[in-house]
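Student: I have a new model to read. Where do I start, and how do I read each feature?

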Amino acid sequence: MSKKYKAIPQTSIWTCLSTINFTPLSIRRTRKLAPTPRGNTPDRHLERNPKIAIIEQGTVSNFRTENCLLSPNSIMRNLEIASVFNQIADLLEIQGANPFRVRAYRRAALNIEGLADNVETLSLGGTLDDIPGIGSDLAGKMAEIPSVGPKTAKEIYDRFRIETIEDLEALCKTDKLLCVPGFKQKSVDNILRGIELYRRRRGNYLLGRAVPLARALCEYLESAAERIAYAGSLRRMKEIVHDIDILAASKDPAKTIQAFLTMPLVESVLAQGGTKASIRVQDDMQVDLRVVDPQSWGAAMHYFTGSKAHNIRMRERAIKRGLKLNEYGLFDASEKRLAGAEEGDIFEKLGLPYIPPVLREDWGEIEAAAEGKLPNLVEPEDIRGDLHMHTTWSDGKYSAEEMLDAARRRGYRYIALTDHSKSLGVAGGLSDEDLMKHTEECHRLDAKYSDIRVLAGTEVDIRQDGTLDYSDELLAKLDFVVASVHSGFKQDRATLTARVVRAMQNPYVRVIGHPTGRLLGDRDPYDIDLEEVMKEAARTRTCLEVNANFHRLDLNDIHCRKAREMGVHVIISTDSHNYDDMLNLPYGVATAQRGWIEKDSVLNAKPVEEMLNFKKTR
Ligand SMILES: [Zn+2]
Ligand SMILES: [Zn+2]
C-alpha cells in the first residue's frame with residue numbers, strides 16, 4: 001500500500017472510478033455500453049471479465065468497510081483518486097500481474113497527483129488515456145468525434161489499432177490514412193478538425209445553459225435545506241463552466257442529500273456520502289452538492305466560489321493578520337471563529353469591502369478593494385434599452401411591434417430595431433427601399449407609444465473592403481447604426497483590422513457589433529487587432545458591443561477589461577431574434593462586470609438623449 005495515501009480509506013473504488021467516468025479493468029471496448037448505474041453497483045462491471053473480476057472483488061471487499069460505498073469522501077479529489085490507483089497497483093502486484101500494467105497504474109497515480117487541475121474536470125484526454133492497458137474505448141470515443149462516425153472509427157481502429165486520440169491525431173498527420181480506400185485528404189482534415197472540436201466541447205458547458213439548470217436545481221432543493229445556492233465558476237459567471245457546484249446549509253445533511261439524489265433530473269449517481277454527493281444530469285453535466293453547517297455557510301460559499309487564485313490571496317491576507325481562513329470560517333490563533341456564517345463578514349474581518357464573485361479572479365480585486373477602488377460595476381437594472389434587435393423585417397421571429405411590446409414589458413426606455421442589411425441575403429437583409437419602409441415603421445411605432453423611444457436602426461454589414469452596405473445618405477436617415485462583420489472571416493489580421501477601423505470612421509456608425517465574431521465552441525474569433533480597434537473606437541467615440549448572446553459573449557471579459565483601460569464605451573445588447581433572446585442580457589452584463597466595466601462607460605445605461613449625443617453624427 002502506498003504509505004502516503006493510506007489515510008484515505010473511506011473510498012469505494014467503484015465510486016471513485018465512476019466519478020471520473022472511468023472503469024479501467026472492465027472497459028476495453030464496452031465503455032459506451034456501461035453508463036454508471038444508479039447506486040454504483042459494482043457487479044455489472046465485474047461480469048465482463050471474470051479473471052479481472054476476481055482481482056476487483058478482492059479490491060472491492062477490501063474497501064467495503066461499513067461506510068465504504070456511501071463514504072463521505074466519495075467525491076473524488078486528485079489525491080484520493082491517485083491513492084486508489086496506487087492501491088490497484090498494489091493489488092495487481094500481489095496477484096503477479098503484468099509489471100507494465102502495474103507500472104501504468106503507478107504512473108497514472110503520479111500523473112494525477114501532479115495535475116494542477118482537478119482530475120474530475122479534465123476530460124478523459126491525455127493523461128488517463130495514454131496509459132497502456134488502461135486506455136478507454138478509443139473506437140467508441142472516435143465515433144463521438146464530429147465527422148468520424150462509427151463506421152470510419154471501426155475501420156481506422158481495425159487497421160491501425162491505435163490506442164489514444166493522440167495516436168489518431170498523429171496518424172492523420174502522416175499519409176498512412178490516405179492509403180485506405182475511400183480516404184481523401186479532405187476526410188483527414190475533417191477528422192483533425194473533429195478532434196479539436198471534440199476536445200474543446202467535452203466537459204464544457206455554456207454559461208447560458210448552466211445557469212438556468214443550476215437555478216432549477218436550487219429551487220427544487222430549497223425546501224430540503226436552510227440555504228442553498230450555486231458556487232464555483234458558475235457563480236463567477238465564467239463563459240464556460242465544467243460542472244455545477246451546489247452548496248447547501250443544513251442541520252440534516254442526510255435529508256438534503258436524499259432530496260438531491262432523488263430529483264427527477266438525475267440521470268446517474270456518481271458518488272454519495274454523508275455531506276457530499278455527485279450526480280450527472282442532462283447532457284452529461286456533472287453536479288456536485290456539498291452540505292455544510294449553517295455556521296460555515298459564508299466561508300464555504302467563499303471557498304467554493306473561488307477562484308483558486310483569489311482564495312490563495314485571501315488566505316495570505318488572513319495569515320498576515322495572524323488569522324486562518326478556510327472553508328469552515330475565519331479563525332484567530334486560538335481557533336476562535338471570527339466569521340463564517342455570512343460571506344460578507346469574512347471580507348469585513350479581513351478589512352475589505354464585499355468583493356462580488358464576478359471579480360474574484362485575482363485580477364487586482366483584492367488590492368482595489370483594500371484601497372477602496374473597486375469598480376462601480378454596471379448592473380442589469382442599469383440597462384435602459386436594447387440597441388441590437390432583429391424582427392421579421394429580416395431574420396427575427398417576431399414583428400417590430402411584438403418586439404417593442406416585449407421591450408416595454410421589460411421596462412426599457414428605448415430600443416433600436418437593427419435588422420440586417422442587403423448583402424446578408426441569407427438573413428433576409430433589407431434592400432435600400434425596404435430599409436426606408438422599415439424606418440417609417442419604426443417612426444410610426446415611436447409615435448404610438450409615449451413610454452418608450454423606438455429608434456430606427458440597422459445592423460449594417462461591413463463589406464470586405466471596409467465600406468458599408470448602405471450609402472451615407474441612407475444611414476443619415478437612421479437613428480442608430482450598428483456595423484458588423486458577417487463575411488470574409490478568413491482575411492488576415494491587417495486587412496480585417498483596417499476594415500473595422502474604416503467602418504468606425506463612418507460618422508453614422510455608433511457601434512461595432514460582436515467585434516471578434518466568435519461562436520463559443522463552434523467558431524474561433526477572426527484574427528483582428530483589438531488594441532488597434534479600441535484605439536480608434538476611443539478616438540471616434542464608437543462603442544464596441546458586448547453581445548449578450550451566451551453563444552457569443554463578444555467582447556469577452558478580458559476584452560472588456562482592455563476596453564475599460566483604453567477608455568472605450570460599450571453597449572451591452574442581446575442581438576435578439578426572438579423574445580427568449582432578450583433574457584440573455586444578464587450574461588452580457590456579467591461579462592462586462594468580469595471586465596470591471598462601470599455603469600458610466602455603458603452607452604445603453606445612459607438616458608436616450610445623452611446616448612444619442614455620444615458620437616456626434618454630423
Ligand atoms: Zn450580427
Ligand atoms: Zn444581429
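Student: Let's begin with contacts. Which residues does Phe 489 touch, not counting residues up to four places away in sequence?

Tutor: This is a predicted model, so keep that in mind throughout. Leaving out residues up to four places away in sequence, Phe 489 touches Gly 517 and Tyr 526.

Student: Where is Phe 489 found?

Tutor: In the loop between β14 (480–484) and α20. Phe 489 and Gln 464 are 25 residues apart in sequence. Their C-alpha atoms are 9.2 Å apart in space.

Student: How many C-beta neighbours does Phe 489 have inside 10 Å, and how does it count?

Tutor: Count the neighbours, then compare with the cut-offs. Buried needs 20 or more, and exposed means 12 or fewer. Phe 489 has 15 C-beta neighbours inside 10 Å, so it counts as partly exposed.

Student: What about the chain as a whole? What share of its residues count as buried?

Tutor: Of its 618 residues, 45% count as buried. The chain has 24 helices and 17 strands. Look at contacts with a separation of 6 or more: 70% of them come from residues 24 or more positions apart.

Student: Which residues of α10 are buried?

Tutor: Leu 207, Ala 210, Val 211, Ala 214 and Leu 217. Seen down the axis of α10, these buried residues fall within an arc of 135 degrees, so they line one face of the helix.

Student: Why do residues three or four places apart point the same way?

Tutor: An α-helix has 3.6 residues a turn, so residues at that spacing point the same way.

Student: Which exposed residues are on the face of α10 turned away from its buried side?

Tutor: That face carries Pro 212, Arg 215 and Glu 219.

Student: How do I read a pair of helices, such as α20 and α21?

Tutor: Look at the distance and the angle between the axes. Helix α20 spans residues 493–505, and helix α21 spans residues 530–540. Their axes come within 10 Å and cross at roughly 5 degrees. Angles under 35 degrees count as roughly parallel, so α20 and α21 are roughly parallel to each other.

Student: Which residues make the contact?

Tutor: From α20, Thr 497, Val 500, Val 501, Met 504 and Gln 505. From α21, Glu 532, Val 533, Glu 536, Ala 537 and Thr 540. By class, the contact has 5 nonpolar, 3 polar and 2 charged residues.

Student: Now the backbone. Which residues does the cis peptide bond with omega near -5 degrees join?

Tutor: Read omega for each peptide bond. The bond from Gly 306 to Ser 307 is the one you want. Ser 307 sits in the loop between α13 (297–305) and α14 (308–320). A cis bond also joins Asp 554 and Leu 555, with omega about 0 degrees. Leu 555 is in the loop between β16 (543–547) and α22 (557–565).

Student: And phi? What is its value in Leu 553?

Tutor: Leu 553 has a positive phi of about 40 degrees. Its place is also the loop between β16 and α22. Glu 335 has a positive phi near 65 degrees. Glu 335 lies in the loop between β9 (329–331) and β10 (337–339).

Student: Are Leu 553 and Glu 335 buried or exposed?

Tutor: Leu 553 is buried, with 30 other C-beta atoms within 10 Å. Glu 335 has 8 C-beta neighbours inside 10 Å and counts as exposed.

Note on methods
Residues are numbered from 1 along each chain as its sequence is written. Chains are lettered from A and ligands numbered from 1 in the order in which they are written. This is a predicted model: local features need pLDDT of at least 70, side-chain atom pairs count only at pLDDT 80 or more; totals for chains, interfaces and linings use all residues. Helices (H or I, at least four residues) and strands (E, at least two) are DSSP runs, numbered from the N terminus. The arc is that of the directions from the helix axis to the C-beta atoms. Two residues are in contact if their C-beta atoms, placed from the backbone, lie within 7 Å. Axes are lines fitted to C-alpha atoms, for helices over the stretch in contact, and angles run from 0 to 180 degrees between N-to-C directions. Angles under 35 degrees count as roughly parallel, over 145 as roughly antiparallel, 65 to 115 as roughly perpendicular and the rest as oblique. Ala, Val, Leu, Ile, Met, Phe, Trp, Tyr, Cys and Pro count as nonpolar, Asp, Glu, Lys and Arg as charged, and the others, Gly among them, as polar.
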